[in-house]
Amino acid sequence: MGYEWVAPVDEAADGPMFIPPKYGVQRLGPARMIADTPGGGGWGDPFTRDPELVLRDVWDEVGSVKGAARDYGVVIGADGRSVDFEATAALRVSRGEPSSLHREKKDD
């Protein structure tokens, strides 16, 4: 289950951040709608994801070339249709150890 709330730009005029009601209307000045949805986090270190699957996401416009490098350590070739495996390996090595969020727990 996700959560949604509204953060008014001018809290003095419109009040503090709040969870909007399921029905009814509340008029505000400028505000931000914030949605925190479940899912999409994946499992494991994203830098170990198969580069071909990341490339497929770029083809399907689910991700970008920049995001592939930043989030998965995958360098897409200049043609936009292939993985630069040498540059991908170098990027992944330069990153070092998986983040603590992705390390498996070990019994002591």
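These are my notes from a look through a predicted model of one protein chain.

**Entry 1: the overall layout**

I started with the fold. The protein chain has 4 helices and 2 strands, and along the sequence they come in the pattern β-α-β-α-α-α. I then checked burial: 19% of the 108 residues count as buried.

**Entry 2: salt bridges**

Next I searched the whole structure for salt bridges and got 3. I took them one by one.

Asp45 and Arg95 pair through their side chains, with N to O at 3.2 Å. This pair ties together distant parts of the chain, since Asp45 is in the loop between β2 (31–36) and α2 while Arg95 is in helix α4, 50 residues apart. How accessible is Asp45? I read 11% relative accessibility for Asp45, so it counts as buried. Arg95 comes out at 29%, which means partly exposed.

Asp57 and Arg49 make another bridge, at 2.7 Å from N to O. Arg49 has 27% relative accessibility and so counts as partly exposed.

Asp71 bridges to Arg70, and their closest N and O atoms are 2.9 Å apart. I looked up both partners here. Asp71 is partly exposed, with a relative accessible area of 33%, whereas Arg70 is exposed at 55%.

**Entry 3: Arg92, a buried charge without a bridge**

Arg92 is buried, yet I found no salt bridge for it. Which side chain of opposite charge is nearest to Arg92, and how far away is it? That is Asp50, 7.2 Å away. A salt bridge needs a nitrogen to oxygen distance within 4 Å, so Asp50, at 7.2 Å, does not qualify as a partner for Arg92.

So what does the side chain of Arg92 reach instead? I found the backbone oxygen of Arg49 at 2.7 Å from the Arg92 side chain. The backbone oxygen of Gly73 is there as well, 3.4 Å from a polar side-chain atom of Arg92.

**Entry 4: rings and charges**

I ran the aromatic pair search, and it returned 0 pairs. Charges over rings gave me something to write down, though. The charged end of Arg95 sits over the ring of Phe47, 4.1 Å from the ring centre. Elsewhere, the charged end of Arg81 sits over the ring of Trp59, with 4.5 Å to its centre.

I moved on to Glu52, in helix α2, residues 51–59. Is Glu52 buried or partly exposed? Glu52 has a relative accessible area of 40%, so it is partly exposed. Beyond four places in sequence, Glu52 contacts Val83 and Phe85. Glu52 and Phe85 are 33 residues apart along the chain, with 9.9 Å between their C-alpha atoms.

Last, I looked at how α4 begins and what comes after it. At its start, a side-chain oxygen of Asp84 reaches to within 3.3 Å of the backbone nitrogen of Glu86. At the other end, α4 is followed by Gly96, and I read a positive phi there, near 85 degrees.

Notes:
Residues numbered from 1 in each chain as written. Predicted model: local features only at pLDDT ≥ 70, side-chain atom pairs only at ≥ 80, totals over all residues. Heavy atoms only, no water. Buried < 20%, exposed > 50% of the residue type's maximum accessible area, 1.4 Å probe, protein only. Lys, Arg positive; Asp, Glu negative; His and termini not counted. Polar contact = N/O pair within 3.5 Å; in protein donor to acceptor, adjacent residues only side chain to side chain. Phe/Tyr/Trp six-rings, centres within 6.5 Å; stacked < 30°, edge-to-face > 60°. Lys NZ or Arg CZ within 6 Å of the ring centre and 35° of its normal. Contact = heavy atoms within 4.5 Å.
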